[in-house]
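Hi everyone, thanks for coming.

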Amino acid sequence: MNRSMMGFGAWTNWVTQSAMLMIESQQVIALRLAKLAAGGPDVQREAELMVSEKVQAIADSGQMVMKAAAGGHSDMGAGKVLTHYRSKVRANRRRLSK
(Lines give C-alpha, C1' and ligand atoms only; values in the text may rest on other atoms or scores of the structure.)
Protein backbone atom coordinates (compact mmCIF):
# COMPACT_ATOMS: atom_id res chain seq x y z
CA MET A 1 0.00 0.00 0.00
CA ASN A 2 1.45 3.38 -0.89
CA ARG A 3 0.67 6.87 0.30
CA SER A 4 -0.92 7.86 -2.98
CA MET A 5 -3.73 5.39 -2.30
CA MET A 6 -4.84 7.15 0.89
CA GLY A 7 -4.44 10.42 2.73
CA PHE A 8 -1.37 11.10 4.84
CA GLY A 9 -3.36 10.94 8.10
CA ALA A 10 -4.77 7.54 7.20
CA TRP A 11 -1.32 6.33 6.18
CA THR A 12 0.30 7.43 9.45
CA ASN A 13 -2.53 5.80 11.41
CA TRP A 14 -1.98 2.57 9.48
CA VAL A 15 1.74 2.68 10.27
CA THR A 16 1.07 3.39 13.96
CA GLN A 17 -1.48 0.58 14.20
CA SER A 18 0.96 -1.80 12.51
CA ALA A 19 3.73 -0.88 14.95
CA MET A 20 1.40 -1.37 17.92
CA LEU A 21 0.35 -4.77 16.57
CA MET A 22 4.00 -5.75 16.32
CA ILE A 23 4.73 -4.72 19.92
CA GLU A 24 1.58 -6.33 21.33
CA SER A 25 2.21 -9.52 19.38
CA GLN A 26 5.71 -9.82 20.83
CA GLN A 27 4.22 -9.48 24.32
CA VAL A 28 1.74 -12.26 23.63
CA ILE A 29 4.48 -14.49 22.21
CA ALA A 30 6.56 -14.01 25.36
CA LEU A 31 3.59 -14.71 27.64
CA ARG A 32 2.61 -17.78 25.66
CA LEU A 33 6.12 -19.18 25.61
CA ALA A 34 6.37 -18.72 29.37
CA LYS A 35 3.06 -20.53 29.86
CA LEU A 36 4.06 -23.38 27.56
CA ALA A 37 7.49 -23.69 29.20
CA ALA A 38 5.94 -23.85 32.67
CA GLY A 39 3.98 -26.94 31.67
CA GLY A 40 0.93 -28.12 33.51
CA PRO A 41 -2.53 -29.26 32.56
CA ASP A 42 -3.39 -26.17 30.50
CA VAL A 43 -0.47 -26.46 28.05
CA GLN A 44 -2.25 -28.65 25.51
CA ARG A 45 -5.34 -26.44 25.56
CA GLU A 46 -3.20 -23.30 25.09
CA ALA A 47 -1.41 -24.82 22.10
CA GLU A 48 -4.72 -25.84 20.52
CA LEU A 49 -6.21 -22.42 21.22
CA MET A 50 -3.20 -20.70 19.67
CA VAL A 51 -3.58 -22.64 16.41
CA SER A 52 -7.36 -22.37 16.20
CA GLU A 53 -7.24 -18.62 16.86
CA LYS A 54 -4.73 -18.11 14.06
CA VAL A 55 -6.82 -20.11 11.58
CA GLN A 56 -9.96 -18.17 12.53
CA ALA A 57 -8.16 -14.80 12.36
CA ILE A 58 -6.82 -15.47 8.87
CA ALA A 59 -10.27 -16.60 7.69
CA ASP A 60 -11.90 -13.48 9.15
CA SER A 61 -9.24 -11.27 7.59
CA GLY A 62 -9.70 -12.90 4.21
CA GLN A 63 -13.41 -12.16 4.37
CA MET A 64 -12.69 -8.53 5.29
CA VAL A 65 -10.30 -8.14 2.37
CA MET A 66 -12.73 -9.74 -0.08
CA LYS A 67 -15.57 -7.52 1.16
CA ALA A 68 -13.40 -4.41 0.82
CA ALA A 69 -12.26 -5.44 -2.66
CA ALA A 70 -15.83 -6.10 -3.74
CA GLY A 71 -16.77 -2.68 -2.41
CA GLY A 72 -14.04 -1.01 -4.43
CA HIS A 73 -11.88 0.02 -1.47
CA SER A 74 -8.37 0.72 -2.73
CA ASP A 75 -6.80 -0.04 0.66
CA MET A 76 -8.37 -3.54 0.62
CA GLY A 77 -9.67 -3.04 4.17
CA ALA A 78 -6.22 -2.87 5.75
CA GLY A 79 -7.45 -0.70 8.62
CA LYS A 80 -10.23 -3.11 9.52
CA VAL A 81 -7.88 -6.09 9.35
CA LEU A 82 -5.37 -4.34 11.64
CA THR A 83 -8.11 -3.41 14.09
CA HIS A 84 -9.36 -7.00 14.07
CA TYR A 85 -5.92 -8.49 14.71
CA ARG A 86 -5.11 -5.95 17.43
CA SER A 87 -8.35 -6.74 19.29
CA LYS A 88 -7.51 -10.46 19.23
CA VAL A 89 -3.93 -9.88 20.35
CA ARG A 90 -4.99 -7.56 23.19
CA ALA A 91 -7.54 -10.11 24.38
CA ASN A 92 -4.82 -12.77 24.46
CA ARG A 93 -2.47 -10.46 26.35
CA ARG A 94 -5.14 -9.80 28.99
CA ARG A 95 -5.97 -13.49 29.30
CA LEU A 96 -2.36 -14.64 29.49
CA SER A 97 -1.39 -11.91 31.97
CA LYS A 98 -3.76 -13.19 34.65
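Let's start with the buried residues of helix 3, which are Ala78, Val81, Leu82, His84, Arg86, Val89, Asn92 and Leu96. Buried here means under 20% relative accessible area, with exposed over 50% and partly exposed in between, using a 1.4 Å probe and protein chains only. Helices are DSSP runs of H or I with at least four residues, numbered from the N terminus.

Two quick notes on the source. This is a predicted model, where local features need pLDDT of at least 70 and side-chain atom pairs count only at pLDDT 80 or more, while totals for chains, interfaces and linings use all residues. Residues are numbered from 1 along each chain as its sequence is written, and side-chain values use heavy atoms, leaving out hydrogens and water.

So what do the buried residues of helix 3 pack against? They pack against helix 1 (8-38) and helix 2, where contact means heavy atoms within 4.5 Å.

Take helix 2 to begin with. The axes of helix 2 (residues 43-70) and helix 3 (residues 78-97) come within 9 Å and cross at roughly 165 degrees. That makes helix 2 roughly antiparallel to helix 3; the cut-offs are under 35 degrees for roughly parallel, over 145 for roughly antiparallel, 65 to 115 for roughly perpendicular, and oblique for the rest. The axes are lines fitted to C-alpha atoms over the stretch in contact, with angles from 0 to 180 degrees between N-to-C directions. Among the residues of helix 2 that meet helix 3 are Glu46, Leu49 and Glu53. Leu49 is buried, with a relative accessible area of 18%.

Now for helix 1. Helix 1 and helix 3 pack at an angle of about 30 degrees, with their axes 9 Å apart. That makes helix 1 roughly parallel to helix 3. On the helix 1 side, the residues that meet helix 3 include Trp14, Leu21, Glu24, Val28 and Arg32. Which residues of helix 1 are buried? Leu21, Glu24, Val28 and Arg32 are, and what covers them includes helix 2 and helix 3.

One last stop, at the end of helix 1. Just after that helix, Gly39 takes a positive phi of about 75 degrees.

Note on methods: Helices (H or I, at least four residues) and strands (E, at least two) are DSSP runs, numbered from the N terminus.
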